[in-house]
Amino acid sequence: QTGPPQSPPAMGVISEILFCEPSAVGQLGAALLHLLLWGFITDYERGVMSHVQRWVKRQTWYPIVQANFEDDDSQQIYNFPDPGFNYITFCATVMHHGGGGLLMALGMLFGQPWLWRHGMLVEVGGMDLLDVRFGRDVKFFPPGTFPTSLFMKSNMFGPLMFFHHSVGLCVGIPVNLYFSDVYAFQLFGIMTLGFPAVCLAPALIVKTFEKKEYPRLLFANQVYLLLTFGLGSRTLFHFPAAWG
């Protein structure tokens with residue numbers, strides 16, 4: 001008497017990756033999957049962001065966006081030839097945090113840790129490792145990938161990227177391997193990765209209004225960002241949760 005038919009070994013590997021299993025194969029494979037997926041999403045020449053860029057630049061409010069970003073901190077750091085490009089990269093930032101946060105939220109809501117783990121890998125594979133790849137392209141295959149080729153002209157880029165990516169690269173996969181079903185870790189993850197989308201998203205609209213005509217609106221957005229991100233997420237929640 002024979003037992004049930006056995007799945008081919010390749011199917012087991014594919015299943016580990018798709019369900020982001022807490023194993024070496026599952027995590028490394030899923031991280032590579034997110035690297036490829038977000039590499040396409042954030043491709044400003046042929047991917048999703050190329051369409052976003054073209055759409056934004058066609059809008060009647062784009063000159064307002066350009067003016068609003070002329071003295072923005074990001075423009076002071078990267079000095080883009082077109083200040084409005086800061087708005088386009090900001091769209092990608094909101095998409096990144098929103099996409100990772102949505103997967104984490106769905107995982108917590110439906111009790112599916114594998115979805116939460118995929119959310120974590122949006123950061124690890126879809127940004128941390130992806131930026132390493134982009135940086136490698138600029139260094140060894142010039143001019144490399146746009147806009148990383150512009151980012152790396154700034155002396156601030158290296159320290160900022162080290163500070164930003166070191167956390168995800170150090171703790172992302174270990175948390176997925178051992179703690180992805182623990183509520184305290186799930187909550188910390190979604191507040192760190194997903195909640196910034198809630199804090200940043202209103203600026204996508206606010207930045208399309210002229211500063212001189214709507215100064216209170218832009219000031220209100222700064223206060224909102226300070227209260228939600230600076231005080232709420234990164235101070236009242238983050239430090240006590242990390243200490244605990």
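Author: C20 counts as buried, because its relative accessibility is 0% and the limit for buried is under 20%. This residue sits in the loop between α1 (9-18) and α2 (24-41). The model is a predicted one, and in it the phi of C20 is near 45°, a positive value in a residue other than glycine. As background, most residues other than glycine have a negative phi, and most peptide bonds are trans.

N79 also has a positive phi, of about 50°, and is not a glycine. Its place is the loop between α5 (73-78) and α6 (85-109). With a relative accessibility of 59%, N79 counts as exposed, since the limit for exposed is over 50%.

The bond from P142 to P143 is cis, and its omega is near 5°. P143 belongs to the loop between α7 (113-140) and α8 (148-151). A cis peptide bond also joins F146 and P147, with omega about 5°. P147, too, lies in the loop between α7 and α8. That loop therefore holds both P143 and P147.

In short, positive phi values occur at C20 and at N79, while cis bonds lead from P142 to P143 and join F146 and P147.

Methods: Residues numbered from 1 in each chain as written. Predicted model: local features only at pLDDT ≥ 70, side-chain atom pairs only at ≥ 80, totals over all residues. Heavy atoms only, no water. Helix = DSSP H or I, 4+ residues; strand = E, 2+ residues; numbered from the N terminus. Buried < 20%, exposed > 50% of the residue type's maximum accessible area, 1.4 Å probe, protein only.
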